[in-house]
Amino acid sequence: TAMITAYCHHFQGKEALQLYHQMELEGVVPGKVTFLSIFDACASQAALSEAKRVHAHISGREFESDVDVGTALVNMYSKCGSLEDARRIFDKLPRPDAVLWTAMIAA
């Protein structure tokens, strides 16, 4: 997770995604922080198919309805050009905060 986050902070989304795939292959279960970074990596690469694949991995997990995760998803989908997906995520969250509203408006 630390390396994935570091790659994202240095605008190396492709490398972050490669490391995430390696993590998957080795059976490491990513947590919320990993997903937040991977959503950012997908957004920086405008990789919609990858974004949807990664998003599918959090379906049914405890942090799927988390506002931080929701905000990252809205941001990711909007940067990948899928405003419909961004809006769908926004509408699912029970209590949008100001940051989530701002992400949706910016989309």
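**Exercise 1.** Work out in which hand H6 passes H7, and how the two helices are oriented.

*Solution.* Start with the crossing: H6 passes H7 in a left-handed crossing (the near helix is turned anticlockwise from the far one by less than a right angle). The model is predicted, with local features needing pLDDT of at least 70, side-chain atom pairs counting only at pLDDT 80 or more, and totals for chains, interfaces and linings using all residues. Residues are numbered from 1 along each chain as its sequence is written, and side-chain values use heavy atoms, leaving out hydrogens and water.

Next, take the geometry: H6 spans residues 83–92 and H7 residues 98–106, and they pack at about 160° with axes 10 Å apart. H6 is therefore roughly antiparallel to H7 (an angle over 145 degrees).

**Exercise 2.** Find which residues of H6 meet which residues of H7.

*Solution.* On the H6 side, look for Ala86, Arg87 and Phe90; their partners in H7 are Leu100, Trp101 and Met104 (contact means heavy atoms within 4.5 Å). Now sort these residues by type: five are nonpolar, none polar and one charged.

**Exercise 3.** Classify the ring pair of Phe90 and Trp101, then decide how accessible each residue is.

*Solution.* The ring centres lie 4.8 Å apart and the planes meet at 80°, so the pair is edge-to-face (centres within 6.5 Å, planes over 60 degrees apart). Phe90 in H6 and Trp101 in H7 are 11 residues apart, so to speak linking distant parts of the chain.

Finally, Phe90 has 7% relative accessibility and counts as buried, while Trp101 has 44% and counts as partly exposed (buried is under 20%, exposed over 50%, partly exposed in between, with a 1.4 Å probe and protein chains only).

Definitions and conventions. Axes are lines fitted to C-alpha atoms, for helices over the stretch in contact, and angles run from 0 to 180 degrees between N-to-C directions. Helices (H or I, at least four residues) and strands (E, at least two) are DSSP runs, numbered from the N terminus. Angles under 35 degrees count as roughly parallel, over 145 as roughly antiparallel, 65 to 115 as roughly perpendicular and the rest as oblique. Ala, Val, Leu, Ile, Met, Phe, Trp, Tyr, Cys and Pro count as nonpolar, Asp, Glu, Lys and Arg as charged, and the others, Gly among them, as polar. Rings of Phe, Tyr and Trp (its six-membered ring) pair if their centres lie within 6.5 Å; planes under 30 degrees apart count as stacked, over 60 as edge-to-face and the rest as tilted.
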